[in-house]
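Please look through the sequence and the coordinates before reading on. The paragraphs below move from the definition of an element to the overall fold, and from there to side chains.

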Amino acid sequence: MNVSGILTRRVRGFRVLDLAALALVLSLALLVYAFKTAAGSQRSDIADIESQIHDEARDVRVLRAQVAQLESPARLEKLAGGYAGQAPVTARQEITPDALSQVAQERNALPSAPASNAVLADAAATNETAQ
């Protein structure tokens, strides 16, 4: 039997070639349907993720606005003034790195007491003479 004999052979009134073509078309149709269904579910997932990205971007903008409000100089100045009369550090309160060792030695000598104003005044005087 040759190839043309198999292709022209009839089964229940249909040629084998016709049955093979019909099976191929049906399998292709089912395959396209499966791919289309998978693409639709992925499209839904993409839409959900894009929605989440949009929500997160909105949250980031809100948080940046809150940080800007919390770091505003006027607010910080108001808070600093409200705690025990704090004020900006003046030049007289600054000391040189050399004077830090003197403050540390005196603080170690009196561990329970904070550094005295005299030590800070000496350090400030040392700073003023160094300048």
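Helices are here DSSP runs of H or I with at least four residues, and they are numbered from the N terminus. In this sense aspartate 55 and arginine 58 both belong to helix 2, where three residues, or about one turn of the helix, separate them.

The mean pLDDT of the protein is 80, with 75% of the residues reaching 70 or more. Confidence is highest in helix 2, at 94, and lowest in helix 5 (residues 117-130), where the mean is 55. Where pLDDT is low, the predicted coordinates should not be read in detail.

As for the overall architecture, the protein contains five helices and two strands, and these elements follow one another along the sequence in the pattern α-β-β-α-α-α-α. Of the 131 residues, 5% count as buried. The protein exposes about 11,300 Å², and carbon and sulfur atoms supply 62% of this area.

Part of the surface can be described residue by residue. Leu24, Leu28, Leu31 and Phe35 together make a nonpolar surface patch of about 410 Å². One of these residues, leucine 31, is found in helix 2, which covers residues 16-70. Leucine 31 counts as partly exposed because its relative accessibility is 42%, a value that falls between the limits of 20% for buried and 50% for exposed.

How many salt bridges does a search of the whole structure find? The search finds three. One of them joins arginine 15 to aspartate 18, with the closest N and O atoms 3.4 Å apart. Arginine 15 is partly exposed, since its relative accessible area is 33%, and aspartate 18, at 36% relative accessibility, is likewise classed as partly exposed.

Another salt bridge links the two residues with which this account began: aspartate 55 pairs with arginine 58, and their closest N and O atoms lie 3.3 Å apart. With a relative accessibility of 30%, aspartate 55 counts as partly exposed, and arginine 58 is also partly exposed, its relative accessible area being 38%. Arginine 58 forms a salt bridge with aspartate 59 as well, and here the closest N and O atoms are 3.7 Å apart. Aspartate 59 is partly exposed because its relative accessibility is 33%. Through salt bridges that share partners, Asp55, Arg58 and Asp59 are joined into one network.

How values were computed. Residues numbered from 1 in each chain as written. Heavy atoms only, no water. Patch = residues over 30% accessible without salt bridge, like charges linked within 9 Å, V, L, I, M, F, W, Y side chains within 5 Å. Areas by Shrake-Rupley, 256 points an atom, 1.4 Å probe, with all protein chains shown as cover. Salt bridge = Lys/Arg side-chain N within 4 Å of Asp/Glu carboxyl O. Buried < 20%, exposed > 50% of the residue type's maximum accessible area, 1.4 Å probe, protein only. pLDDT = per-residue confidence, 0-100.
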